[in-house]
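I opened the model to look up a few local features and keep short notes on them. The entries follow in the order I made them.

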Amino acid sequence: MAINTESTINTFRYPNETYSGCDMTATININMKTYDSESKQIVNNSYHRVLGELTTISYSIYMEKKPVRSISNVNAKDYVMGQRTIAGSLVFNVFNKHFAQDIMENINKNFTAGTSFLVDELPPFDITISAANEYGYRSRMAIYGVRLLNEGQVMSINDVYTENTYQFFATDVEYFTDEMSYYRDNTNKMYILKDNLETHKATSNLLNIHNELESHKLKTTLINGPGSLWTREQQEYYEKYLDREPFLQVDIKQPTKYNKNGIVTFSIEPAQDEGKVVITNLKTNKISYCDLQASFINRTRILSTSIEPGKYSAYFINSRNNNVTNTIVFNIKEYIEFDPLTLYAPTIENVTDTTISIYVNEPSHNRIHISTEPNDNTIDLDNDPIFYNRRYVITELNKDTTYYIVSYNTEDRILTRAAKVTTLKSKDKIFKQLELYCIANSKKLIFHDMIIYNKLLKEAQLIAENNDLNTSDSLIKLKEDYVSQYSAADKEKQNEIDLKIKAINELIIFSCKLFSNYIKAVNEQVVVPMPSMLLNDKYENIFIFDKSITSAEFFTITGNSVQFCKEVFSYNFTTIDGVDNCIRFTNKPGRKHYVIAKIDNHRSAKYEFYVMTQKEIEEKIKGKLEDSGLTDKDKEQIDNTITNDKINIKNQQDYEKTFLINAKKIDNPLFISPDIITINDSIVVRTSISDILAINKSFYISIASYEDILNNNDIYKIPFSAQQKEILITKTDANLIQDTVYCIWIEDDSFNQISNVATFIYNYNEEDTFKNYENKNIIDTIYSYAKTLPEQLQETIYSTINNNYSIYNYNLIQSVLSLLLNEPITDNTLTTFLSNFKYYLGTFGVSNLNIDKLLYDSQILTFNSLKSGSIILYSLKTNSCSFNVMDLKEGINSIDISNFGPIVLLIAYDDLYNKTKLIYINKDTNYVKEV
């Protein structure tokens with residue numbers, strides 16, 4: 001074989017091909033990716049460092065091999081392979097500082113400032129041993145995925161120098177290999193044929209031939225056999241390589257401030273000589289092409305193009321043989337630019353009755369200012385507290401008080417936006433709210449009886465008070481206490497503990513949801529959108545992020561120490577269950593975790609969640625009730641209804657309101673839907689129940705967002721009594737989010753829906769145009785009835801409904817009735833109106849309570865009742881309506897109605913919801929008629 005001797009490095013006959021420890025250098029490599037705030041791009045921040053202090057490194061590989069035996073044979077038939085473990089030790093000389101101090105500082109500056117950790121918490125790293133001797137020979141070996149297990153150090157007067165020792169586990173080992181390819185001739189001379197380092201410029205004839213083949217697009221058919229400069233082994237490998245089926249991959253550089261399009265780089269391996277990449281916009285179905293370019297890297301064809309934001313699919317087709325590669329789907333995100341001069345408000349991390357925990361979004365700030373005044377731009381350098389690690393707990397605050405919190409730097413004294421937050425009314429409010437949250441969603445719990453949950457909540461509350469823990473942490477501590485009691489308990493006690501642990505798991509999940517919703521509600525001033533959780537049947541921890549997010553950080557908190565888990569950058573976000581920008585998170589089960597979204601140095605509020613164990617997931621799936629959420633068919637029917645109603649939908653919020661009205665519509669409501677009277681930081685809701693029911697019965701105002709109804713999420717329910725005309729609901733009672741569409745409805749004490757819904761947008765200032773659509777059934781009935789009236793009266797009714805914004809559900813019928821009482825119309829016309837609307841006074845069903853022989857004379861109403869019960873007497877005047885509730889006895893009843901108005905309505909009933917009689921009485925004309 002001919003060799004180009006000009007390219008050889010040495011011609012020693014018997015060169016030294018081994019190395020001593022003095023010929024070796026160890027380097028550490030930790031791969032990290034960080035977001036560069038200047039270029040607005042993700043950059044590779046791999047950290048490399050020579051381990052100059054390392055004196056000894058050793059490793060060992062152990063694989064379990066189990067014998068296979070049979071009866072009557074003392075010897076093993078064979079041995080089967082089991083698990084492999086790679087472990088070893090490191091020994092360092094100790095100089096004036098710890099060998100890993102620089103490494104830890106470099107890692108720490110890329111994550112949350114102030115995080116403290118030890119060497120055994122370093123992320124996995126690789127150790128490369130490079131060897132080179134005086135004859136010019138180079139070799140290398142590598143140990144991959146090194147995780148430090150334990151550390152030791154002895155300092156003694158008897159030791160000349162100090163050593164630091166470690167034991168480690170690893171995931172793989174690459175044995176010592178030459179970094180050069182050699183050839184020996186028949187005189188045993190060695191020649192360098194190829195340098196295997198990619199960073200070294202190769203000079204061998206073999207690589208020159210390979211590059212020449214690719215650059216001139218030579219086909220495999222041109223290589224008929226070993227050429228004069230090819231070895232047989234190399235020829236066979238190259239032919240095998242060219243026969244491989246091509247595979248398409250993609251690398252994406254997302255849009256930046258200076259380039260609004262994304263840069264997409266396609267790689268095809270093995271390299272193709274002809275063809276193009278076909279790119280399809282999945283939204284518009286527009287097709288574009290990316291032709292081959294003369295660019296090769298490691299036998300891979302590289303193609304780059306600029307693509308505007310959107311969702312795409314792509315595949316490569318070879319124009320010579322029409323072979324098609326795999327299809328890939330990818331996203332180009334839209335770049336959202338944030339004002340660099342904006343100083344973001346602090347993030348609220350926790351709130352109690354007397355404390356507020358914050359995280360400062362501005363890294364240069366070192367002071368906070370707190371005030372009860374909304375526009376207090378003054379600072380007090382003598383009293384404003386100083387902090388050092390961006391986290392601070394404000395103490396000794398007043399209960400149920402609204403505070404405004406800003407941060408600033410002592411030098412420039414420029415204030416951020418203010419974070420507005422109200423302290424709790426009482427220390428146990430969160431536990432009370434969790435109890436109500438569980439009651440409201442009890443149909444989703446494994447145990448419908450709330451007794452077990454209430455007892456566990458009281459135990460957890462006691463733990464929280466004694467150990468200064470929050471709700472979820474106290475529940476986790478309670479669970480650990482029961483687990484520790486399990487082994488020593490008898491069988492009956494173990495069964496009881498099993499039930500309690502199942503119930504505690506549900507309370508932990510509810511607690512995390514409630515806390516995250518609360519934190520999201522109180523952080524409305526924070527610009528960075530908070531993550532949300534995507535629910536599925538497998539109870540996976542899947543999170544959805546806004547398209548403006550650049551990275552997400554997962555961590556746990558132990559005491560006051562933040563334990564970092566991992567950071568995921570936006571280019572690693574994926575599509576899960578048809579939802580874009582998602583992350584599926586897995587980590588140590590049975591623990592509480594947090595996730596935040598980040599844009600540069602600014603971060604969202606933290607989302608709290610609990611990672612269930614596999615056993616807990618199986619129990620949850622086993623005990624899961626039948627899903628009562630909306631199906632795809634239900635959604636399609638609602639969309640068809642919206643289209644048929646031809647409602648004027650101007651934006652997404654209009655659509656969501658219309659959707660909610662139709663999604664929660666019931667055929668026979670017992671009461672008119674509630675009304676939202678005012679919407680500020682709190683909302684005031686009014687119902688008509690107090691006009692219908694005289695007894696003090698409990699009900700619930702249910703509140704749900706569009707997403708809640710769509711995904712069958714847990715909802716908030718606020719209790720109230722039948723005698724409350726107006727119900728005040730604060731922002732944190734239902735954790736309301738600004739500019740979000742909500743619907744409200746009434747449920748009875750068994751959580752059955754008994755009214756249709758009303759909709760509102762929280763903290764939204766535009767005029768609500770959907771009131772008429774919500775009251776559509778009532779208004780359509782009024783309009784149908786109005787057609788039978790004189791034309792002038794028709795116009796008055798139309799004008800009253802369309803132009804008077806003081807009319808709500810509860811007084812809509814009464815307002816029209818007042819108009820009719822002012823007009824000279826007949827009793828028959830009024831009774832026709834009442835017959836159309838009596839169902840809005842409650843359901844008139846069939847019962848055993850009957851009234852007959854009704855007479856009216858001289859202000860006395862006399863009738864016979866076949867059963868005891870109750871009656872309601874409505875007194876209708878021109879501008880008002882009042883009612884009295886009276887007992888009804890079996891037999892003859894006489895009632896003096898001299899103090900009533902000219903029109904009296906008598907409603908008899910034997911239960912709260914089923915009215916049996918509606919009787920119209922006109923005292924002026926002595927007209928009596930059953931409606």
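**Strand 4.** I began with strand 4, residues 47–50, in this predicted model. Which side chains point to the buried face of strand 4? Y47 and R49 do, and both are buried. I then looked for a pairing partner and found strand 1 (residues 24–30), which pairs with strand 4 in the antiparallel sense over 4 bridges. V50 of strand 4 stands opposite T27.

**Chain totals.** I noted 16 helices and 50 strands in the chain. The chain has 931 residues, and 44% of them count as buried. I also looked up the contacts between residues at least 6 apart in sequence: 63% of these join residues at least 24 apart.

**Helix 4 against helix 5.** Two packed helices are described by the angle between their axes and the distance between the axes. For helix 4 (residues 429–440) and helix 5 (residues 451–467) I recorded an angle of about 160° and axes 11 Å apart. The cut-off for roughly antiparallel is over 145 degrees, so helix 4 is roughly antiparallel to helix 5. The crossing of these two helices is right-handed. On the helix 4 side I listed F431, L434 and E435 as the contact residues. Helix 5 contributes N454, L457, A460, Q461 and A464. By class, the contact of helix 4 with helix 5 has 5 nonpolar, 2 polar and 1 charged residues.

**Helix 4 against helix 7.** How do the axes of helix 4 and helix 7 cross, and at roughly what angle? The axes of helix 4 and helix 7 (residues 491–522) come within 10 Å and cross at roughly 115°. That makes helix 4 roughly perpendicular to helix 7. Helix 4 passes helix 7 in a right-handed crossing. From helix 4 I listed I430, Q433, L434, Y437 and C438. They meet L507, F510, S511, K513, L514 and N517 in helix 7. The residues of this contact divide into 7 nonpolar, 3 polar and 1 charged. I noted that L434 is listed both in the contact with helix 5 and in the contact with helix 7.

**Sheet 27-28-32-31.** Strands of a sheet pair through backbone hydrogen bonds, either parallel or antiparallel. I looked up an open sheet of 4 strands in the order 27-28-32-31, and its pairing is antiparallel. Strand 27 (532–534) and strand 31 (574–576) are the edge strands, each pairing on one side only. Neighbouring strands of this sheet are turned by 60° against each other on average, direction ignored. Inside the order, strand 28 (residues 541–544) pairs with strand 32 (residues 579–585) over 4 bridges, in the antiparallel sense. Opposite F543 I found I583 in strand 32.

**Sheet 43-44-47.** I then took an open sheet of 3 strands, with the order 43-44-47 and antiparallel pairing. Its edge strands are strand 43 (851–857) and strand 47 (891–896), and each pairs on one side only. The twist averages 15° from one strand to the next. Strand 43 is joined to strand 44 (residues 860–865) by 5 bridges, and the two run antiparallel. I checked Y856 and found that its bridge partner in strand 44 is L861.

**S604.** Is S604 buried or exposed? S604 counts as buried because its relative accessibility is 0%. I placed S604 in the loop between strand 34 (602–603) and strand 35 (607–611). Leaving aside neighbours within four places in sequence, S604 is in contact with T347, V526, V528, P529, M530, P531, I596 and A597.

**Positive phi.** Most residues other than glycine have a negative phi. I looked up two residues with a positive value. Phi of E396 is near 55°, and E396 sits in the loop between strand 24 (391–394) and strand 25 (402–408). With a relative accessible area of 76%, E396 is exposed. N735 is not a glycine either and has a positive phi of about 50°. I found N735 in the loop between strand 40 (726–729) and strand 41 (741–748). At 5% relative accessibility, N735 counts as buried, whereas E396 is exposed.

Notes
Residues are numbered from 1 along each chain as its sequence is written. This is a predicted model: local features need pLDDT of at least 70, side-chain atom pairs count only at pLDDT 80 or more; totals for chains, interfaces and linings use all residues. Side-chain values use heavy atoms; hydrogens and water are left out. Axes are lines fitted to C-alpha atoms, for helices over the stretch in contact, and angles run from 0 to 180 degrees between N-to-C directions. Angles under 35 degrees count as roughly parallel, over 145 as roughly antiparallel, 65 to 115 as roughly perpendicular and the rest as oblique. A crossing is left-handed if the near helix is turned anticlockwise from the far one by less than a right angle, and right-handed if clockwise. Contact means heavy atoms within 4.5 Å. Ala, Val, Leu, Ile, Met, Phe, Trp, Tyr, Cys and Pro count as nonpolar, Asp, Glu, Lys and Arg as charged, and the others, Gly among them, as polar. Two strands pair if DSSP finds at least two bridges between them. Buried means under 20% relative accessible area, exposed over 50%, partly exposed in between (1.4 Å probe, protein chains only).
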